[in-house]
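Please look over the structure shown here.

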Amino acid sequence: MLAWQGAGMLFARSLACVLVACATCALAASAPLAPHAAALRERGDAARPDPWRAAADRFFKVVARDEAIPDAGLPRAVAQDGDGFVWLATDAGLARWDGTGFKSYTTEATADAGALPEVMVNLLFADAAGRLWLGMSAEGLLWHDPVTERFVRPPNRTPLDATHVTAIDDDGAGGLWVASDIGLAHVRGADRRVTLIAPDAANNVPNGPIRALHRDTRGALWIAADHRLFVRRTGASRFVPVALPGAGAIADLLDDARGNLWVSTSNGFYTVDAGGAVRHLPVGERERPPVLGAMIRAGDGTIWTASRTGIWIVDPATSRIRHLRHDPLIASSLPEDGLNQLIRDAAGRVWVVGDATLAYVDPAPRRVLGLVGALRPAPGALPDQAWAVGAAPDGTLWYGAADVPAARLAPSAGGIAPPQRLPGARRDVHAFAFPPGRGAFTAGDDGLFHLSLAGTDARRLSAEPWSRLLLDGDRLYVGGTGVGVVDVRRPGAPARAAWSARLTDPRVRSFAVTGDGSLWVGTARGLNRVDPRTGTVEQFRPRTRAGAALRGNYVSTLLTDRQGRLWAGTVGGGLTVFERHGAAWRSIAHLGRREGLPHDTVDKLLAGPDGAIWASTDGGIARIDPATRAITLLKPADGVAFTANWTGAGDILPDGRLVFAGFGGLTIIDPALPATTPWQAPLRFTAIRGGGRSIPAQQATTLTIGSDERSLTAEFARLDYATGRDQAFAYRLEPQESEWTRVDAQHRIARYTNLPPGRSTLVVRALEGSGASGDRLRPIGAPLTLTLDVEHRWSETPIVRAAVVAGVLAATLGLVHLRLRSARRRERLLETLVERRTAELLVSRSELEKLAYSDTLTGLGNRRLYGEVLARLVAAASASSPFALLLIDLDRFKQVNDGFGHDVGDALLVEVADRLTTTVRQRDSIFRLGGDEFAILIADARDDQGVADLCRRLQAACAPPVTIDRRTLHPALSIGAVVARDGATTAEALYKAADLALYEAKRAGRGTWRLAPTAAG
């Protein structure tokens, strides 16, 4: 084992973030799960590695960075003890991490933490029993006693007590081997006494410092002195030198799964096999090889090595090397390149220590993969943000991104080839379809294109914007503003379906086909069942269809399951399941956050090879059992790196794996692999204060509290670092309490200020589960208990208490007898008055709130509500949370009022308000300021192009004619817009800028829009 330390400088880095507009992807054809595909991926054939797994990124979770490091120290080493705590050594002391916070240990002792002899802790090591050992910079060897929370030296004094410890490893018999600046030492397991191994001719131990040591699986002991390597085989008494030609300084020693020894040096890796054969494996550039340091063996057998240039991962079976470095364009990459140490914890995670960070990562994701770097169009470029994906039958993955042409990802030797830009559409491709043997189709803002499966030879079939595709035999349904049909045998321009004019809304958002031949079309304002043979349309609207369980207007995704049922996902309304009963279709179930979904906005539905339904939402991904409708969430602990999936994109690879496009990258799920069995993280007390004094948490199993101060404060944590702050807990004092007190990870404290006398038990449980209100949480793991013995006061003796009770009882009975009749009469009168007054107040309050904040004609927010919302947005405005203000006037509205009367004008205002409402997102706010003046506040307006696109959509939405009292009106809008990007902007400046832009739009001829420069205070 190693204590490799490197010097380094602290770097300040900035991360770039990219936001793309929300869009959805159409359902594309997919092949069934290839036979044994999951088994082949799980076996990990070295000759043919899985390209998607090889290309998957490693997503690092930063625990602490810079000033968050305890005592602002420079991190040097990390270890996990037998209780599950993670310990961080710095040049300013020692700290213990419990998943939500650090506990510091310095040279000053506290009531619940012992003192270190010096602040410089050079290395940490957890022995086979889970005991934590500290190698100090100048104070030798210490071990941590968890019962007393003190740091203890070996019982016998030796020169090891005043030297620099460089490495520690188990001896296989309960003791330790220790390397230091004065040579080799042994710590006996029975009594922890130290024996220095003096170099002599009999043992051939080298003179001087020992920099690394390791006991291999065969029992041989390896030691390194600078660039020299020695081994003492099992049963031998003498160390034998092992020549490493050209080796630089040796940093660490480790054996792989086959028993070969790996040596990390300043000149690459060296391996020594069981027969003593030595092989050199260069790393990096020949002229400037990296200085390799600490090594660990990951769960998949690969060896991870720390260096000052990041992490070097080598596969011992193939000698393939992968380099992980910090990428400033990917937030979840390795947080820094200058690394000092790494370890593997009990759950299989790899923890890395840099000059300014402590982080961890899953080294070998299996069931859930995340791809970010594979979307990089060129080295050093910002990765594409995929908002549409399509799985081609040849195993490639096609994706569309904002403002750039679509691209094609093709598996190659050892991973995924760089994205191949597709011809045809220059930007914003929303959907893909792959008819068997007939190439590929793409739909987007630039129109409909037909391409070869190799991603070449693009031919434009239509210049009209399209956004959805559905393949049904030889027919390709194309959705956009209405529905068109293409015969894939003779591709041409889409033939407009006559029945599309009878849909609930012309804006098509999703397609599906059910077994009865019905075509289902989801729009921005409802669901439609179409009979393609007759052209009949049956509409399903949340507000107008009696008994319908569709709870959202915007139907974002549709899916038919194996039982022929239709699943409809909506924006803000969760999932609705429809089933056919005779000739009619009826809703049979609804699933939302209350039932366990991570969010009520469902973006994409896919069916797994076992028939399970997978749903991506704005809050994460969930698996749904279609028979029981039980919901299982995929969490970050399962390997999910992207929880926001509002792009609504997803498809199924030919081998049966699911692909979802989320904000930040692609998520690939292998439903054929079992869910990862989580490590049963222990539940531990982290701090206890009882009776006015602090008590070491690991010492407390039974706690005696005096009669003077009956208080207790107990902090606890479940050492599951992957879930961290998402955990929940419950506690109660038994037998006094029957109900559980629930707390989250930020308030994991049980506090009592007046404990009852006698014996009681504090019981703490960890919880897991889902549900909007936490009603689906369930206990996990064993409970944590603390027995309390609280002493009695003299006044609490049985005799005294009996006398007091008797006196109080006699006095109480007398008073009750005198006042009972009067109290009953007054109680009845008071109850009547309270009920009457409460009902009046509730009615008055409801009417006042409605009058104060809503427009009585359109139901929109009024000018007062607009002012309050705008003030909040201005106060929160920053470069990372900009917003936009749109002022809208209805052109020539006065002529409508004067020519047709105010009734017609009011009806026109109501229709325009409805069209504006259905065009903007749910999180945006729309108001009527008075007359024909409207205002819209757009949250998260990242760029001017997005605002410009919204202005066009608003004008397009209001352009269709309106018929009122047999009069046909042609409304048009003038729009003035402004984007606020900094906190110095004022509400008045924003309104003035938008009003000036509106004036410019009117002066330009009306029926148009203008964008003002960014408003500043």
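The notes below go by topic, starting with strand β4.

This is a predicted model. Strand β4 covers residues 93–97, and five of its five residues are buried, so the rest of the structure largely encloses the strand. The structure also holds 18 aromatic pairs.

**Strand β4 and its partners**

- Gly93, Ala95 and Trp97 point one way from β4. Leu94 and Arg96 point the other way, and all of these residues are buried.
- Strand β3 (residues 86–90) runs antiparallel to β4, and five bridges join them.
- Alanine 95 in β4 is the bridge partner of leucine 88.
- β3 and β4 form a hairpin, with two residues between the strands.
- On to β5 (residues 102–105): four bridges join this strand to β4, and the two run antiparallel.
- Lysine 103 in β5 stands opposite arginine 96.
- β4 and β5 also form a hairpin, here with four residues between them. Glycine 99 lies in that turn and has a positive phi of about 105 degrees.

**Charges over rings**

- Arginine 96 has a ring contact too: its charged end sits over the ring of phenylalanine 85, 4.1 Å from the ring centre.
- Arginine 131 lies over the face of tryptophan 143, 5.5 Å from the ring centre.

**Aromatic pairs**

- The structure has 18 aromatic pairs. In one of them, the rings of tryptophan 398 and phenylalanine 434 have centres 5.2 Å apart and planes at 80 degrees, so the pair is edge-to-face.
- Tryptophan 398 is in strand β31 (residues 397–401), while phenylalanine 434 is in the loop between β36 (429–433) and β37 (440–444). The pair therefore ties together parts that are 36 residues apart in sequence.
- Tryptophan 398 and phenylalanine 434 are both buried.
- Phenylalanine 540 and phenylalanine 578 make an edge-to-face aromatic pair, at 5.5 Å centre to centre with 70 degrees between the planes.
- Phenylalanine 540 belongs to strand β47 (residues 537–540) and phenylalanine 578 to strand β50 (residues 575–581), so this pair ties together parts 38 residues apart in sequence.
- Phenylalanine 540 counts as buried because its relative accessibility is 1%. Phenylalanine 578 has 1% relative accessibility, so it counts as buried. The cut-off for buried is under 20%.
- Ring pairs link Trp520, Phe540, Phe578 and Trp585 into a cluster.

Note on methods. Residues are numbered from 1 along each chain as its sequence is written. This is a predicted model: local features need pLDDT of at least 70, side-chain atom pairs count only at pLDDT 80 or more; totals for chains, interfaces and linings use all residues. Side-chain values use heavy atoms; hydrogens and water are left out. Buried means under 20% relative accessible area, exposed over 50%, partly exposed in between (1.4 Å probe, protein chains only). Two strands pair if DSSP finds at least two bridges between them. Rings of Phe, Tyr and Trp (its six-membered ring) pair if their centres lie within 6.5 Å; planes under 30 degrees apart count as stacked, over 60 as edge-to-face and the rest as tilted. A charge sits over a ring if NZ of Lys or CZ of Arg is within 6 Å of the ring centre and within 35 degrees of the ring normal.
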